Amino acid sequence: QHALRNLDRNALDYYRSGAQDMITLRENQRAFDRVFIRPRVLQDVSTVSLSTTILGQHIASPICIAPTAMQRMAHPDGELATARAAERRSTCMVLSSWSTTRIEDVAVGSGVKWLQLYVYKDREATRRLIERAQDSGYTAIALTVDTPFLGRRLPDIRNRFRLPPHLTMANFVDQGKAQVGAADNASGLAAYVASQIDPTLNWSHVQWVKSVARIPVLVKGILTAEDARLAVDAGVDGIIVSNHGGRQLDTVPATIDVLEEVCRAVDGRIEVYLDGGVRRGTDVFKALALGARAVFLGRPVLWALNYNGEDGVVEMLDMINEELRLAMSLAGCVSVTDITRSHVTIPNQPRL
C-alpha cells in the first residue's frame, strides 16, 4: 500500500508486473493455497530452530532474498540497504547483475551473498562480473537461464520503461552497458536485453561459466524434470526452481506446483531452492515439505525497502520468520529437517 502511494508509475509497474496476461504471476501465490499442512500434535515444541545451511554455509533461516534489479528505484540506499538487512538477520542475499549498486559496494559485512548472472554477448563482460564477485567474497553464482529475450510485460511497454537518469546499472558503468533509456513504443529494458543478452545460451554456456568460476554455480529458471536432470548432468551445484516471478513466459506453472517434480528428478544429488509467490511463513513450510532447501523472496523485499529502507526489509524478514516459527510449532516440527512430505497434502492430486 505504501508503494502504491509513493512510487512513480514507471518503477511501480516494473516491480509489480508480470508477463502478458499475468496468469503465472497470480498462480504463483494462488498455488500455495492448494497445498494443505498435515500437523502432528503432542510434540514438544518448546524450542524451535529455523537454522539451516545452503551449499554448506550456515544461515539463520531458510528464508533468503532473491535477486531483484534496480533497487534504488525503490529507495535511495537500494541494494546496500537490502544487503545490510540480510546480514542483520544472517540470511543469504542474491545480488542482481542489474543492480543499481556495484558488486563491490554491496559486499559488506559477513552475510552470505551470491551473484545472479546473465550471459552477455560480450563474454569478457560476463567473465569480469564473475571475477569481481569472487574477489569480493560472493560464494556462488546463480545463472539465470530463462531469459534469452525479455518476457512481454505490457505495463512496461505502455510506460516505455526506462531507468531514471540519475541511476545506472552500476556493474557496467566502465563497459558502456549501464544505461536503460526509453525505447519507441517499447520497454527500454526489453530493448536492452535484445541488444546485450546472448539468445544462443545453452548447456555449453553453463559449462563455460563453471570453467570461469571458482565458486559454486547454480541454474535459476528450471521448471521441468527433464531440465533438472540435464542440470545435474552438467555438474551444477544447485537449482533454483523459478519462473522469474511470472515475468517471462506466461501460463507456465506456479513454482510450488513443479517443485516436487524437480526434486524427484534431482533425487538428492544437488540442492533445490524455490522462488515465486512466497508471502507467508506457511508458504515457506509447504515449500520445504515438498523438497526445497530454502526459499527466496523477491517483491516483498522491494515493498519493504520502499516502505522503510534497511529497517523495512528487516521488519519484513522478522514477520515471515515468525510466521514460519509458529507454523512449525503448530505442525509439530522443531527444526527444518523435521519438515517432510508427510506434513503436506494436495487434495485431488495423486502423489508422483
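A disulfide is defined here as a pair of cysteine sulfur atoms within 2.5 Å, and the structure holds zero of them. Cys 263 is likewise in no disulfide, the nearest cysteine sulfur being that of Cys 64, 15 Å away. Residues are numbered from 1 along each chain as its sequence is written. This is a predicted model, in which local features need pLDDT of at least 70, side-chain atom pairs count only at pLDDT 80 or more, and totals for chains, interfaces and linings use all residues; side-chain values use heavy atoms, with hydrogens and water left out.

Is Cys 333 buried or exposed? Cys 333 is buried, with a relative accessible area of 0%, and Cys 263 is buried at 15%. (Buried means under 20% relative accessible area, exposed over 50%, and partly exposed in between, with a 1.4 Å probe and protein chains only.)

**Helix 11**

Next, select residues 255-266, which form helix 11. Helices (H or I, at least four residues) and strands (E, at least two) are DSSP runs, numbered from the N terminus. The expected span of a helix is 1.5 Å times one less than its number of residues; for the twelve residues of helix 11 this gives 16 Å, in agreement with the 16 Å between its end C-alpha atoms. Nine of the twelve residues are buried, so that the helix is mostly covered. Among the buried residues are Cys 263, Glu 260 and Val 266. To see what covers them, display helix 3 (23-30), strand 8 (217-222), helix 10 (225-233), strand 9 (238-241), strand 10 and helix 12 (281-289), which are included in the cover; contact here means heavy atoms within 4.5 Å. Asp 267 follows helix 11 and has a positive phi, near 55 degrees.

**Aromatic pairs**

Now colour the aromatic side chains. Rings of Phe, Tyr and Trp (its six-membered ring) pair if their centres lie within 6.5 Å; planes under 30 degrees apart count as stacked, over 60 as edge-to-face and the rest as tilted. The structure holds ten aromatic pairs. One of these joins Trp 114 and Tyr 273 edge-to-face, at 5.7 Å centre to centre and 75 degrees between the planes. Trp 114 lies in strand 6 (residues 112-117) and Tyr 273 in strand 10 (residues 271-275), so this pair ties together parts 159 residues apart in sequence. Trp 114 is buried at 0% relative accessible area, and Tyr 273 is buried at 0%.

Phe 296 belongs to strand 11 (residues 295-297), and the two residues are 23 apart. Phe 296 is buried, at 2% relative accessibility. Elsewhere, select Trp 98, Tyr 118, Tyr 120, Phe 172 and Tyr 192, which form one aromatic cluster.

**Charges over rings**

A charge sits over a ring if NZ of Lys or CZ of Arg is within 6 Å of the ring centre and within 35 degrees of the ring normal. Select Arg 123, whose charged end sits over the ring of Trp 208, 5.8 Å from its centre. Then select Arg 247, whose charged end sits over the ring of Tyr 14 at 4.7 Å from its centre.

**Positive phi**

Most residues other than glycine have a negative phi. Ser 90, however, has a positive phi near 50 degrees; Ser 90 lies in the loop between helix 4 (78-88) and strand 5 (92-95) and is partly exposed at 38%. Finish at Arg 160, where phi is positive at about 50 degrees. Arg 160 is found in the loop between helix 7 (154-159) and helix 8 (188-196) and counts as partly exposed, at 34% relative accessibility.
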